[in-house]
Amino acid sequence: MIKEDKKIKKEGSEKRIGLFGGTFNPIHQGHLRGAEEIREAFQLGKVFFIPSSIPPHKLTTKIIEAKHRLEMARLAISNNPHFSTSDVELLRPGKSYSIDTIRYFLRSQQKTPYFILGRDAFVEIEAWKEFQNLFSICHIIVMARSGFQKAPFFPKLPKSLVPHFRYVPRKKAWIHTSGHRLYFKEISFLDISSTKIRKLIQKGASVRYLIPAEVEGYIQKHRLYQVGP
Ligand code: ATP
């Protein structure tokens, strides 16, 4: 059993867990605030930030080494006892697929995780490996910007998912035929992206308050993101 496995077993045994995957290139306050609001709203005991190794749907040229992205995530979450990092996707050879990560946590935790993602990621979900199976093995929480519940923004499911879900207003959730739930949860979506951070750094502009100070220090120390957006 790898070290991370043991840690997960010990920390998450009685509690609901959230899985938050991303490139985190670098991690920023938008990720952190979103995860914190979801943690509180869904009473998650632990949220795991899981940097991806080679994201299947992204260009890889601008993505810095996984060890740096993981270390920055570690620094960013170090003062929150409800947050943890996992290197499971970095230890697995080949590309990162969320379905494999969820199955890994199902095996090691023996409980149904809550998989967290942003709305921009959700709209592309039909391109994900075994995307239909995702909804059969975990609950999914989509972080949305304010106003999403008003027509015409009321959560629309991708066409191929519609036959498998019914909306239950009382639970404010879409219920999958497997019984698992899909939530759209409004968060105070900060207008920050990793792309924006990288561009600012490349220009030599300030990124203060957009990323944690520890992450800013790490980027300076290792001279990351100096070239290219
Ligand atoms: P990039 O600009 O490089 O595409 P990003 O800022 O979108 O990066 P990712 O690591 O790709 O960050 O995102 C990981 C997850 O966090 C995705 O599900 C994404 O939708 C979500 N996310 C990204 N930015 C925010 C934000 N400001 N608030 C809440 N969630 C976010």
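Student: What share of the 229 residues of the protein counts as buried?

Tutor: Quick caveats: this is a predicted model, where local features need pLDDT of at least 70 and side-chain atom pairs pLDDT 80 or more, while totals for chains, interfaces and linings use all residues. Residues are numbered from 1 along each chain as its sequence is written, and side-chain values use heavy atoms, leaving out hydrogens and water. Buried means under 20% relative accessible area, exposed over 50%, and partly exposed in between (1.4 Å probe, protein chains only). By that cut-off, the buried share of the protein is 49%.

Student: Is Glu37 buried or exposed?

Tutor: Glu37 forms a salt bridge (side-chain nitrogen of Lys or Arg within 4 Å of a carboxyl oxygen of Asp or Glu) with Arg33, closest N and O atoms 2.7 Å apart. Arg33 is partly exposed at 39% relative accessible area. Glu37 has a relative accessibility of 15%, so it counts as buried.

Student: Which residue meets Asp100 in a salt bridge?

Tutor: Asp100 lies in helix α5 (residues 98-109), and its partner sits in the loop between α6 (119-122) and α7 (131-137), so the pair ties together parts 29 residues apart in sequence. Helices here are DSSP runs (H or I, at least four residues), numbered from the N terminus. The N to O distance is 3.2 Å, and the partner is Lys129.

Student: How many salt bridges does a search of the whole structure find?

Tutor: Another one joins Glu130 and Arg103, at 2.8 Å from N to O. That pair links distant parts of the chain, 27 residues apart. The search total is five.

How values were computed. Helices (H or I, at least four residues) and strands (E, at least two) are DSSP runs, numbered from the N terminus.
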